[in-house]
Amino acid sequence: CIKANAKSCGECIQAGPNCGWCKKTDFLQEGEPTSARCDDLAALKSKGCPMEDIENPRGSKQVLEDREVTNRKIGAAEKLKPEAITQIQPQKLVLKLRVGEPQTFSLKFKRAEDYPIDLYYLMDLSYSMKDDLENVKSLGTALMLEMEKITSDFRIGFGSFVEKTVMPYISTTPAKLRNPCTGDQNCTSPFSYKNVLSLTSEGNKFNELVGKQHISGNLDSPEGGFDAIMQVAVCGEQIGWRNVTRLLVFSTDAGFHFAGDGKLGGIVLPNDGKCHLENNMYTMSHYYDYPSIAHLVQKLSENNIQTIFAVTEEFQAVYKELKNLIPKSAVGTLSSNSSNVIQLIIDAYNSLSSEVILENSKLPKGVTISYKSFCKNGVNDTQEDGRKCSNISIGDEVKFEINVTANECPKKGQNETIKIKPLGFTEEVEINLQFICECQCQSEGEPNSPACHEGNGTFECGACRCNEGRIGRLCECSTDEVNSEDMDAYCRRENSTEICSNNGECICGQCVCKKRENTNEVYSGKYCECDNFNCDRSNGLICGGNGICKCRVCECFPNFTGSACDCSLDTLPCMASNGQVCNGRGTCECGTCNCTDPKFQGPTCEMCQTCLGVCAEHKDCVQCRAFDKGEKKETCSQECMHFNMTRVESRDKLPQPGQPDPLSHCKEKDVDDCWFYFTYSVNSNGEANVHVVETPECPSGPDIIPIVAGVVAGIVLIGLALLLIWKLLMIIHDRREFAKFEKEKMNAKWDTVS
């Protein structure tokens, strides 16, 4: 909003949907430009602009015509005119659009049962379609019978086409012009397009007139079907189209010519897309080129005509590609003699009518539209797929959510109208777009107001909108005076050479402070000497996040002080667990304890590194008072009466951690080498309390008998083990000596023999 540099309320609200304009007369600080009135709503409120002084018009929607969709069954007694049947709701509405703010409305579509149908059969009568013509001659009554299952109001028409009546598409020799066929074939003269039968509910008349038709002929393979389609689409009165479902069946066994092919016959004028039927014959085929595919799409869409291409297998691929370019069209495979044409039409109609595709007219500049579909079985889609729903049966209802957004205001601010309709249907939604480009307060403006320097501007929305040639917040200067050096003197501080402190421009002798990249950072003051971002910082935040920077000085919130508002006056962080501030050993400064006794330290002056522990400090006093012994036994009544003592039976009965008072658990040895247990705590009133276990734990003397018995048993066992080892060694020694003796004895026998 700030970057938009809006000079008026109208410019401000066009900058974005969240921008508001403060019309409070004294809202601006000294040095702030008029554009500072434009900001987001939260910023304006924080700067002191009351909500009732903020201009912030919002868009809206109003439904003008909202007839319910028609509910009726086929064969119902009531017969409604086509224009009385409603398939789309609402029908007319007004959207008031503010730039950047989308307006959303819901559109409902329901396929009505027994909806009237007009079907026009357009047939290729070149020679290759001779056998097909025979089957089409009885099409009228047969198709009437089939269509009665779908609608009780059905009309049918017939037209035929061949080719442009110039070379090289046909032979222009007199004989060939009379009969383009060879041999004894009786063919009619070639023609471009002929409306044989306008739409009628008389099937017999269809059979009668089609039965009188004869095949014609041409030279090249592609046919001039596009000329015929164009005339069928734009000649509504001659064809007899009603505002109902319009079906065009295009039957051929060949390809097609399109825009540019006419040059072969010397035809260079583009197709004009207008009706040129005289006596039901197209008379300008030799003058205008074939239409382009895009031109056909436009005219078919404008006239709500759905096309069914009934073509032979050979050309299926070509016409399927054409179908992809023409919305609401279908392709069916025509048998070689058109015997399946009725079933083809029924299947194609069911396919076309089962899909609804929304399209909108040309949008005004700067307006965008988006769709979201809510189809059957919970299928939802957005973007391009949000325009359509498929697999819709008769009587099914689908919804669309449509967003319309204006991204800019039209130059003249005039209203615009757009239309949305389902392709192939005549019904449409008319939307009148009204653009919010000015504020309400601008209509209350005072032209040539005395508030704008003797009537040099219009005073509106709390500010002056200057007349041409005047500038300044109050229109006090003419554009000729802007660069005057005399004016610059008013923009310099005393004893300074800097104009507007180098933070702004001098306009009409007044400083207009420049804007920063960060829109939250603002220069202000008569000479732009102030700002809200150059104050002292703490923890990387301006004023520590605990104050507001005004003219480079922090204004601290309550309970904070200091140049950077980093000193808290709150004593809660200094409160010790015993309820005392800094344990009574210091003062709380900026939320931190300053310990007055140098022996103590810690967040609340609770730690003393050189002091005895609580247990060691009170050991002798607890011993003398609880057990009447120890070093202070004689002086116990004088030195050890500073605490309250309570005896308990066992260690389990001692106070446990979790109580509000600080608690120390102690285990000490007395003069008899017995252990005694106690706790020491100080309550919020400063009273010391000691809980002591009444019976010390003394070590018991050794049991002599088991010790002596164990020693004797050990000596005996060791002696036995030594004797066994000695005996084992003697046995091993004796065996070795005996073996040695035996060996010497044997040696002595050998010596005697020799």
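Trainee: Where is proline 90 placed?

Mentor: Proline 90 sits in the loop between strand S5 (88-89) and strand S6 (92-98). Strands (E, at least two residues) and helices (H or I, at least four) are DSSP runs, numbered from the N terminus. Residue numbers start from 1 along each chain as its sequence is written, and this is a predicted model, where local features need pLDDT of at least 70. Side-chain atom pairs count only at pLDDT 80 or more, while totals for chains, interfaces and linings use all residues; side-chain values use heavy atoms, with hydrogens and water left out.

Trainee: What kind of peptide bond joins glutamine 89 and proline 90?

Mentor: Glutamine 89 and proline 90 are joined by a cis peptide bond. Its omega is about 0°.

Trainee: And what about methionine 167 and proline 168?

Mentor: A cis bond links methionine 167 to proline 168, with omega about 5°. Proline 168 belongs to the loop between strand S9 (154-161) and helix H5 (174-178).

Trainee: Why point these out?

Mentor: Because most peptide bonds are trans, and most residues other than glycine have a negative phi.

Trainee: OK, phi then. What is the phi of asparagine 377?

Mentor: Asparagine 377 has phi near 60°, a positive value, and is not a glycine. Look for asparagine 377 in the loop between strand S17 (367-374) and strand S18 (380-382).

Trainee: Is asparagine 377 buried or exposed?

Mentor: Asparagine 377 is exposed, at 75% relative accessible area. The cut-offs, with a 1.4 Å probe and protein chains only, are under 20% for buried, over 50% for exposed, and partly exposed in between.

Trainee: Where does aspartate 673 come in?

Mentor: Aspartate 673 is in the loop between strand S42 (663-669) and strand S43 (675-682). Its phi is positive too, near 60°. Aspartate 673 is partly exposed, with a relative accessible area of 45%.

Trainee: How do S42 and S43 run?

Mentor: S42 and S43 run antiparallel, with 7 bridges joining them. Two strands count as paired if DSSP finds at least two bridges between them.

Trainee: Which residue of S43 does cysteine 666 stand opposite?

Mentor: Phenylalanine 678 in S43 is the residue opposite cysteine 666.

Trainee: What order do the strands of that open sheet take?

Mentor: The order is S41-S44-S43-S42, 4 strands with mixed pairing. Strand S41 (643-648) and S42 are the edges, each pairing on one side only.

Trainee: New topic. Which residues lie nearest the centre of the largest pocket?

Mentor: Ser46, Lys47, Asn520, Val522 and Asn532 lie nearest its centre, out of 27 lining residues. A pocket, on a 1 Å grid over the protein atoms alone, is an open set of points with protein on both sides within 12 Å along at least five of seven lines; lining residues have an atom within 4 Å of a point.

Trainee: What gives the most to that lining?

Mentor: S33 does, with 3 residues. Strand S2 (38-40), helix H2 (41-46), strand S30 (530-531) and strand S33 (547-550) each supply at least two residues.

Trainee: Last one. What does UniProt list for residues 704-726?

Mentor: UniProt's unreviewed entry gives residues 704-726 as "transmembrane region". Such annotations may be inferred rather than shown by experiment.

Trainee: What does the model show for residues 704-726?

Mentor: That span is 100% helix and 0% strand. The C-alpha atoms at its ends lie 33 Å apart.

Conventions. On a 1 Å grid over the protein atoms alone, a cavity is a set of points where a 1.4 Å probe fits but cannot get out, and a pocket is an open set with protein on both sides within 12 Å along at least five of seven lines; lining residues have an atom within 4 Å of a point.
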